[in-house]
Amino acid sequence: MNSEIVLQQILSSEGDRLGFIFQAIFIALFLFSIFYGQKLQVWMMLKNVEVGLNRIKKMRDNARQTILDLLRRFNDDPGLENAIDRLLEYFWIPPTSIDPFGIVGKIDHILNVRERRFRWELKSITPNIDDNRLRNIENLIEVGISLDQIYRVMRHYYLLGKKTMSLFLIYQAEALMPTVLQEAEALADAIKAFSTGQPIGDGVGSLVAARFMYGNEKKLISEDTVMAEVEFEGRKLIVVKALGPGGNVGKPGEAVEKILEDRKIDAIIMVDAALKLEGEEVGEVAEGVGAAIGGIGVDKFKIEEAAKKFNVPLYAIVVKESMSDALSTMKWDIYIGVEKAINRIKRLIREKTNIGDTLILVGVGNTIGIGQ
Amino acid sequence: MMLEVAMSMKNSIGFITVFLLMAALAACSIFFLLLAVNAYHQGFKETALYYSMAGLMGLIMSTYTLLRIVRRRPTVSTTLNYEVQTLLRCLKCGFSNTRGFADGDYVLGLGDKCPHCSTPMVILAIYRTPSKKEKQ
């Protein structure tokens with residue numbers, strides 16, 4: 001027999017053997033996908049959650065380290081780390097909503113207590129710090145708390161999912177992860193701005209108000225909130241904003257209530273940053289009615305109640321930006337938005353008020369890095 | 001803390017194991033492809049087809065898995081790598097200047113003196129220049 005034919009026969013039989021092996025592998029994979037397909041899917045989803053969780057952890061650790069580095073400049077105490085960890089785990093318990101009557105007042109009270117306690121704790125850690133820097137560090141710790149909270153919640157669902165291998169738990173955690181990561185990244189971006197005292201996108205309302213009140217006499221109207229009376233084309237403009245340049249949002253609700261109780265007001269104009277939808281441009285300005293103010297809702301409630309009581313129209317102007325823009329150092333596009341908002345306010349005043357009228361202009365937002 | 005350390009250790013061991021397995025699979029796949037070329041040249045087309053199928057499948061699977069696990073390594077956000085500028089203007093003579101942000105700068109605060117009339121200039125804006133990520 002020819003040697004070449006022998007080789008061909010061997011290889012041909014090897015080809016049959018390979019075909020058999022491939023068929024066996026195919027059947028094995030088919031059976032595996034039937035019995036363990038879901039487990040494999042769960043495992044892959046868990047891995048995705050784990051990756052996101054590790055990223056959030058990095059951001060949280062980075063925030064903690066920045067806070068520590070900043071505070072070490074004012075306090076070299078070895079117990080500083082423990083004090084910071086204690087602050088990062090600080091929480092507040094919202095009041096019961098079984099009977100919702102008067103819940104806003106209760107929330108306001110609890111938040112005030114929290115703020116005072118928090119400020120006292122921080123002041124005891126860094127007694128020789130100036131007020132502006134104290135407010136900035138307070139904001140920075142708030143960012144740290146938010147990142148820590150996000151990390152803890154996501155870790156809880158990850159570990160719970162891993163423990164129970166529940167497809168629905170893991171599926172929810174995986175589905176939520178992209179938006180949670182976006183929020184965490186926005187918070188991580190805020191760290192640089194808060195640690196250096198740079199103005200953030202959220203301060204757009206404060207900047208508009210500051211531009212109106214610049215060069216006029218200012219006075220404190222409520223805690224961390226200033227006002228100035230400005231003349232504009234025969235109208236009296238009472239401009240309200242948080243006290244800067246430290247990181248503050250002030251108490252605009254209380255300020256508006258006080259002004260409305262003391263004087264006759266013809267209109268209230270509120271300027272704030274608004275979250276843009278995907279596809280919208282940063283710095284785009286929009287106009288509407290209502291109380292343009294975010295947060296838990298205490299200030300919004302106070303302003304709406306007071307406006308209704310005194311029958312004063314509420315006008316709103318918003319400058320659009322993303323969550324990341326709102327929390328990081330202001331972009332040039334937002335300054336362009338500020339100019340547009342100022343022009344809109346001037347037009348609104350001319351159109352909706354008469355000469356001799358008195359109106360309130362409230363610049364809402366965190367005034368970090370913005371004076372007045 | 002212990003849990004986090006254990007998690008990161010477990011992650012590292014898992015990463016190395018999967019990486020080594022996939023690297024071995026990639027090496028085997030390349031070997032199979034070489035066998036396929038050899039078999040084709042010798043005229044055993046059917047055998048070459050089996051080898052190439054096995055080689056390609058293994059290569060695709062290992063490359064895909066390797067890419068996924070390498071990309072999975074946590075990365076720190078790059079949006080922090082931006083520069084911050086301060087825009088100053090002299091309200092007396094209108095001179096404007098832009099410089100890097102300095103500690104203590106704030107919008108509508110007083111900044112450096114005007115080089116023309118020595119009046120303290122007003123900070124009109126503190127803004128960030130686009131980061132690499134945003135430019136992309």
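Guide: Start with pairing: two strands pair if DSSP finds at least two bridges between them. Helices (H or I, at least four residues) and strands (E, at least two) are DSSP runs, numbered from the N terminus. This is a predicted model, in which local features need pLDDT of at least 70 and side-chain atom pairs count only at pLDDT 80 or more, while totals for chains, interfaces and linings use all residues. Residues are numbered from 1 along each chain as its sequence is written, and chains are lettered from A and ligands numbered from 1 in the order in which they are written.

Visitor: In what order do the seven strands of the open sheet in chain A stand?

Guide: The order is β1-β2-β3-β7-β4-β6-β5, and the pairing is mixed. The edge strands are β1 (218-222) and β5 (285-289) of chain A, each pairing on one side only. For angles, axes are lines fitted to C-alpha atoms, for helices over the stretch in contact, and angles run from 0 to 180 degrees between N-to-C directions. Neighbouring strands of this sheet are turned by 25° against each other on average, with direction ignored.

Visitor: How many bridges link β4 (residues 267-275) and β7 (residues 358-363) of chain A?

Guide: Five, and the two strands run parallel. One pair to find: A267(A) has L359(A) in β7(A) as its bridge partner.

Visitor: Which strands does helix α6 of chain A touch?

Guide: Contact first: two residues are in contact if their C-beta atoms, placed from the backbone, lie within 7 Å. Helix α6 (residues 204-213) packs on the sheet and touches β1, β2, β3, β4, β6 and β7 of chain A. The direction of α6 makes about 135° with that of β3(A). Helix α7 (residues 252-262) of chain A lies across β1, β2, β3, β4 and β7, at about 100° to β1(A).

Visitor: How do I describe two packed helices?

Guide: Two packed helices are described by the angle between their axes and the distance between the axes. Take α3(A) and α4(A): their axes come within 11 Å and cross at roughly 115°. So α3(A) is roughly perpendicular to α4(A). The cut-offs are these: under 35 degrees is roughly parallel, over 145 roughly antiparallel, 65 to 115 roughly perpendicular, and the rest oblique. The contact uses F118(A), R119(A), L122(A) and K123(A) of α3(A), with L134(A), I137(A) and E138(A) of α4(A).

Visitor: What domains does chain A have?

Guide: Domain bounds come from an automatic or database domain assignment. For chain A, this gives domain 1 (38-196) and domain 2 (201-363). Their C-alpha centres lie 29 Å apart. The contact takes 20 residues from domain 1 of chain A and twelve from domain 2 of chain A. On the domain 1 side, α5(A) gives the largest share, ten residues.

Visitor: How are the four strands of the open sheet in chain B arranged?

Guide: Their order is β2-β1-β4-β3, with antiparallel pairing. β2 (96-100) and β3 of chain B are the edges, each with a single partner strand, so one side of each has no neighbour in the sheet. Neighbouring strands here are turned by 40° against each other on average, direction ignored.

Visitor: Where can I see the pairing residue by residue?

Guide: Look at β1 (residues 84-89) and β4 (residues 120-128) of chain B, joined by six bridges. L88(B) stands opposite I123(B), and T86(B) opposite I126(B). Strand β3 (residues 110-113) of chain B pairs with β4(B) over two bridges. There L110(B) stands opposite V122(B). Six residues lie between the strands of this hairpin, and S118(B) takes a positive phi near 60°.
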